[in-house]
Amino acid sequence: MRKPWSIITLLLVLVVLLAACSPHTFSRPYQIHVTANDEISKPAIALDAAGVSHITGETGTNVIYYRTVFGPPSKTLTMTLPGSGANFVQFQPDIAVTDDGTAYMVWFEQQGTTDRIACYQVFPAVEPAGGYQTTCTRVDPGYFAVSDLIVIARGNEVYVIYDRIDADSRVASTWYKSLADPNKAGEINDYAFEYESGWIHDWAVGIDADGYLHVAYIDNNGTGPYPHTRYLTYRSNRSVSPDGRMLQYWYVYSGNEIDIVAGISLAFTTSGSG
């Protein structure tokens, strides 16, 4: 008489164990759409402290913002252009989010010419009166960019990293700006000051526990015979000049054997008070 109950008990235990292992924190695959039948490409994603996903990407000539928890969107926005037709286009978006759920999105925009404008927009967790803004706020008013535009956040600090173009369509200088604290802004590197121009091959960026920005990158200065000398460089705004220019920097290595597609990574630790 005990054997059937033993089998039932075993089955109940297995059901409980399997239920405990079910992926409650995973959603089914959900295709990202802002409008029906659109195609979102080159996505970037940031996750806030409440587990909300903030996503951006390209669709047609525009970039989009998409907020979600496990699939269906709670908010979708398409960034607006000031015109249409040739050379009105948005591309290369990036996104970061602070712990309070505020999303910061950056992208490049062409407004009827081939000049690239570095843009950003801010999306608080609670929609403001009058709705969210979807037009370009210039990261660097009065200047055009080449190809470098990154946004990063940690805690409630957020930085944007960007470049300025020179007459040869190369990088004249690289810059950083805090979107949370306007007093934290300045130059990373100035190639024009050295009578040079440069190419940036790869970036790694990070924010330490005290809210300071750290960057590492592979570049070359574009001078002399090809191939130009490559540098692996590290810089930080832990110490800066009165105008915000990064003073903490090291040339980690130089030489053309540096692999420009190997990738760079930054990590932080604490040793004593350092």
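So, which residue in β12 does tryptophan 175 stand opposite? It's glutamate 187. Keep in mind that we're looking at a predicted model here.

Let's stay with β11, residues 171–178, for a minute. On one side, β11 pairs with β12, residues 185–190, running antiparallel with five bridges, and a hairpin of six residues connects the two. β11 also runs antiparallel to β10, residues 157–165, and there we get seven bridges. That hairpin has five residues between the strands, and serine 169 in it takes a positive phi near 65°.

Back to tryptophan 175. In β10, the residue facing it is tyrosine 162. And there's a charge over the ring: arginine 164 lies over the face of tryptophan 175, 4.0 Å from the ring centre. You'll find another of these with lysine 184, over the face of tyrosine 212 at 5.5 Å from the ring centre.

Okay, aromatics. The structure has eight aromatic pairs. Take phenylalanine 123 and tyrosine 132: edge-to-face, 5.7 Å centre to centre, with 75° between the planes. Both of those residues are buried, and together with Tyr65 they make up one aromatic cluster.

Then there's tryptophan 203 with tyrosine 217. Their ring centres are 5.0 Å apart and the planes sit at 45°, so this pair counts as tilted. It links distant parts of the chain, with tryptophan 203 in β13, residues 199–207, and tyrosine 217 in β14, residues 213–220, 14 residues apart. Tryptophan 203 and tyrosine 217 are both buried too.

How values were computed:
Residues numbered from 1 in each chain as written. Predicted model: local features only at pLDDT ≥ 70, side-chain atom pairs only at ≥ 80, totals over all residues. Heavy atoms only, no water. Pairing = 2+ DSSP bridges. Helix = DSSP H or I, 4+ residues; strand = E, 2+ residues; numbered from the N terminus. Phe/Tyr/Trp six-rings, centres within 6.5 Å; stacked < 30°, edge-to-face > 60°. Buried < 20%, exposed > 50% of the residue type's maximum accessible area, 1.4 Å probe, protein only. Lys NZ or Arg CZ within 6 Å of the ring centre and 35° of its normal.
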